[in-house]
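Hi! Here are my notes for you to read alongside the model.

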Amino acid sequence: MPVHYSTEQTIPSDRTVRLLDTTLRDGEQAPGVSLSPDEKVEIARALERTGVAVIEAGSACTGAGERQAISRVTDLDLEATVTSFCRGLESDIDLALDCGVDGVHVVVPASDRHVEGKVGTSREDNLETTAELVEYAKSHDLWVEVIGEDGSRADLDYLETLGETALDAGADRTCFADTVGHTGPERTAEAVSRLADLGPVSAHTHDDLGLGVTNALAAISAGADLVHCTVNGLGERAGNVALEEVAIALEHVYGVDTVELEELYDLAQIVSRSTGVQLPPNKAVIGENAFTHESGIHTDGTLKDDKMYEPYAPETVGRERRIALGKHTGRAGVKATLEEHDVEATDDEIAEIANRVTELGDRGRRVTDADLLAVAEDVTGDDRERVVDLLDLTATSGGAVPTASIRLAVDGEERVASGTGSGPVDAAVSAVREALGSAADAELESYRVNAVTGGTDAVVTVEVTMARDDRSVTVARSEADITRASVEAMVDALDRLLAAEDQPLAPADD
């Protein structure tokens, strides 16, 4: 269902807007985030697949390790322009050149607070230094962007003079930076429009007021044609403006194409895994709940018309629609989920299953696929023989190599296997895969651990979602032993997936 674009909209659909990703620099400045060279390479490749125009690979001045990581990215020979962040020092530009970057972002103070308080200089000397830095970088054939730090709190007349000085010295563009997420769209538009009158201008916005996307769109409407973003909105404090949010807002609301939207979710997952920062479930575009429906009214409407309660199709950004189970689940949602698992039930049985699912949800429980299928089996009287059952588990850790041994019943026959891993859970999972062979070739889509009780004897709930071919199932198990809970959940998930295939399992060594 397309948006009806207006001829009076502030961002016309024929505008050319590019995205600059600074996940590898500004995003890495988020507390607790540190990326290895291999992780930076993986993210850079994902950014390239997404079609990001400029990749800020890091700050060459940080240290030898950072320079190695930047050099690894430049060695990829990407289509994107690869850059380094530089302070107002020629030595920073030299270090960036050693890494083989295509360009640099020269950051100079714009507000009096930064000019006088941080750098300890004057407005006039700051202008002179800026011109010298730009001329030096351009003399080495670099693409140069000058960022006026704290531009949103700068005197706009001085900000304009700073931009003019940079462009006159040969800079390719200037950048309006709302460094501390301080301002709103009106001030952003005023500042950017004055810089845009001078030449190409970018926007760098933060989300401290929750206005990151708003300010980015205001900047574009005022003339900016390049937006600095980070994947998943990573960054200092409340983070930078999220790349995926800017991209979908421009495409869906204004009809402006920036990147390959269907790559956004994979990109988000890669960054989340590399940084260890989980995706908030209610996060726009890439959060788990963005295309998940539990409410009976919403589920029923969505099943009748997939555009009923979604602004755009999940496939647009590489996602899939999901029907969740819980206290708000109605008969339509239960029926659809049962059909996904090839379970047949009458209308009366579906009504009874829906009532029981609601009762489980009323107890504060998250209802998994396995819960639903167990309820369905009880209501329909369709007793199912397990394909895989956990008989025994032993796991040890604390030594040099964590190990685990496992005993499974597979199609009525016992299989015993052992495995090693980075921890007892990893070792136990390796043992399960060894016992099942190719039958265990299921993808672990998610793994979550939540403490149910406090103290040293806490009970934990492990929830896993596993997928095999075009089928997925979610199972949760609660135990005092996290290893047992993890293995029981995975074995139960595999049992459900393999039972659906309705064929005998080959021996593990086949």
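1. First, some ground rules. This is a predicted model, where local features need pLDDT of at least 70, side-chain atom pairs count only at pLDDT 80 or more, and totals for chains, interfaces and linings use all residues. Residues are numbered from 1 along each chain as its sequence is written, and side-chain values use heavy atoms, with hydrogens and water left out.

2. The overall picture: the protein has 16 helices and 16 strands. These are DSSP runs numbered from the N terminus (helices are H or I, at least four residues; strands are E, at least two). Of its 510 residues, 51% count as buried, meaning under 20% relative accessible area, with exposed over 50% and partly exposed in between (1.4 Å probe, protein chains only).

3. Now find helix 7, residues 185–196.

4. Which residues of helix 7 are buried? They are Thr188, Ala191, Val192 and Leu195. They cover an arc of only 95° around the axis, which puts them on the same side of helix 7; the arc is that of the directions from the helix axis to the C-beta atoms. An α-helix has 3.6 residues a turn, so residues three or four places apart point the same way.

5. What do those buried residues pack against? Their partners are helix 6 (156–168), strand 6 (173–178), strand 7 (201–205) and helix 8 (212–221). Contact here means heavy atoms within 4.5 Å.

6. Take helix 8 next. Its axis and that of helix 7 come within 8 Å and cross at roughly 30° (axes are lines fitted to C-alpha atoms, for helices over the stretch in contact, with angles from 0 to 180 degrees between N-to-C directions). Pro185, Thr188, Ala189 and Val192 of helix 7 meet Thr214, Asn215, Ala218 and Ala219 of helix 8.

7. On to helix 6. The axes of helix 6 and helix 7 come within 9 Å and cross at roughly 35°. Leu156, Asp157, Leu159, Glu160 and Gly163 of helix 6 touch Arg187, Glu190, Ala191, Arg194 and Leu195 of helix 7.

8. Last stop, helix 12 (residues 331–340): its buried residues are Gly333, Val334, Ala336, Thr337 and Leu338. After helix 12 comes Asp342, with a positive phi near 55°.
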